[in-house]
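Hello,

Here is the structure I promised to pass on. Please have a look at it first, and then read on for what turned up in it.

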Amino acid sequence: MLDPAPRAPSPALLHFATNLLLAGTLLVQPASIVTCDALNDGAPMLSQILHSRYFFWAILALPGIPMVMALVSGAPAPDGRPVTEMLLHPTGEFAARFMIIAMLVTPLRMLFPKARFLAWLARRRRYLGVAAFCYALLHTVLYVADMGSLRQILAEFTALGIWTGWAAFILFVALAVTSNDASQRVLLQWWKRLQRLVYPAAVLTLLHWIFVHNNLGPALVHFVPLALLETYRIWRVFNPQSQAVPARSAELN
């Protein structure tokens, strides 16, 4: 990747980054998310906060706060890299992390079917997927801004670490725009099949991470636990003795 001279990001880019994470709430239908008895009139205030979708979105947005602050300041990295390039890795990393967490819910619930936290997290897994898309979108916008021109983007497009990232992002888009109740009603049985695109998206994300940074270790630290738990999930599905957790309509498996 070429290193252009440090420059402050455009006002349009700052406005985009500031509002991006909050925009994810428009992609999902909250009606099927907050359904716990803790939201009754007599529920304690703390319980209401913990079960609020706004509280969960605030947690998902926390990693983006220092990123937005860095964009607003426009200051280059200590090694002289522009802020757009400096933020490429953390935005992509959190996109991968939230995707992995969303995918871990089902196998973990098979391992720990009585865990209340996992049940709580399963009801919010759709938000995790949308958050992963938001960070991936910011990652892509920063990459385009850092490259500076279509010619430079196309010049390295065929590199394994680059085209896998674009392919993963296209799948992220398809998953995000259908992560709502309306799409589920329209697509019927095709909705779950479409959501299974998260698996090739995960493989493409892994390849993108490894070959962009030429570093196997950090990528494996994130993806090996996912691979092991998904292997366990597949074993449970095909094992006639297994007792699978009832699937929810909002799950991505």
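Let me start with a pocket: helix α14 gives the largest share of the lining of the second largest pocket, seven residues. Helices here are DSSP runs of H or I with at least four residues, strands are runs of E with at least two, and both are numbered from the N terminus. A pocket is found on a 1 Å grid over the protein atoms alone, as an open set of points where a 1.4 Å probe fits, with protein on both sides within 12 Å along at least five of seven lines; its lining residues have an atom within 4 Å of a point.

Before going further, a word on the source. This is a predicted model, in which local features need pLDDT of at least 70 and side-chain atom pairs count only at pLDDT 80 or more, while totals for chains, interfaces and linings use all residues. Residues are numbered from 1 along each chain as its sequence is written, and side-chain values use heavy atoms, with hydrogens and water left out.

Back to that second pocket. It holds about 180 Å³ of space, a volume being the space filled by probe spheres set on the points, which are joined across faces, edges and corners. The elements that give its lining two or more residues are α13 and α14. Among the lining residues are Met 103, Tyr 199, Phe 223 and Glu 230. By class, the lining has ten nonpolar residues, one polar and one charged; Ala, Val, Leu, Ile, Met, Phe, Trp, Tyr, Cys and Pro count as nonpolar, Asp, Glu, Lys and Arg as charged, and the others, Gly among them, as polar.

The largest pocket has a volume of about 670 Å³. Its lining counts 27 residues, and Leu 88, His 139, His 208, Val 212 and His 213 lie nearest its centre. At least two lining residues come from each of α5 (83-86), α6, α8, α10 and α13. The lining divides into 15 nonpolar, eight polar and four charged residues.

Now the overall picture. The protein has 14 helices and zero strands. Of its 253 residues, 45% are buried, meaning under 20% relative accessible area with a 1.4 Å probe and protein chains only.

The largest nonpolar core has 52 residues, and Leu 60 and Met 99 have the most contacts inside it. Such a core is a set of buried Ala, Val, Leu, Ile, Met, Phe, Trp, Tyr and Cys residues joined through side-chain atoms within 4.5 Å. Helix α8 gives the most to this core, with 13 residues. Leaving aside residues up to four places away in sequence, Met 99 touches Ala 132, Phe 172, Val 198, Ala 201, Ala 202, Thr 205 and Phe 223, where contact means heavy atoms within 4.5 Å.

- Gly 64 is found in helix α4 (residues 64-73) and counts as buried because its relative accessibility is 4%. Its C-alpha atom is 9.7 Å from that of Leu 138, 74 residues apart along the chain.
- Arg 236 lies in helix α14 and is buried, at 9% relative accessibility. A polar atom of the Arg 236 side chain lies 3.3 Å from the backbone oxygen of Met 110.
- Asn 180 sits in the loop between α10 and α11 (181-187) and is buried as well, at 11% relative accessibility.

Technical notes:
Buried < 20%, exposed > 50% of the residue type's maximum accessible area, 1.4 Å probe, protein only. Polar contact = N/O pair within 3.5 Å; in protein donor to acceptor, adjacent residues only side chain to side chain.
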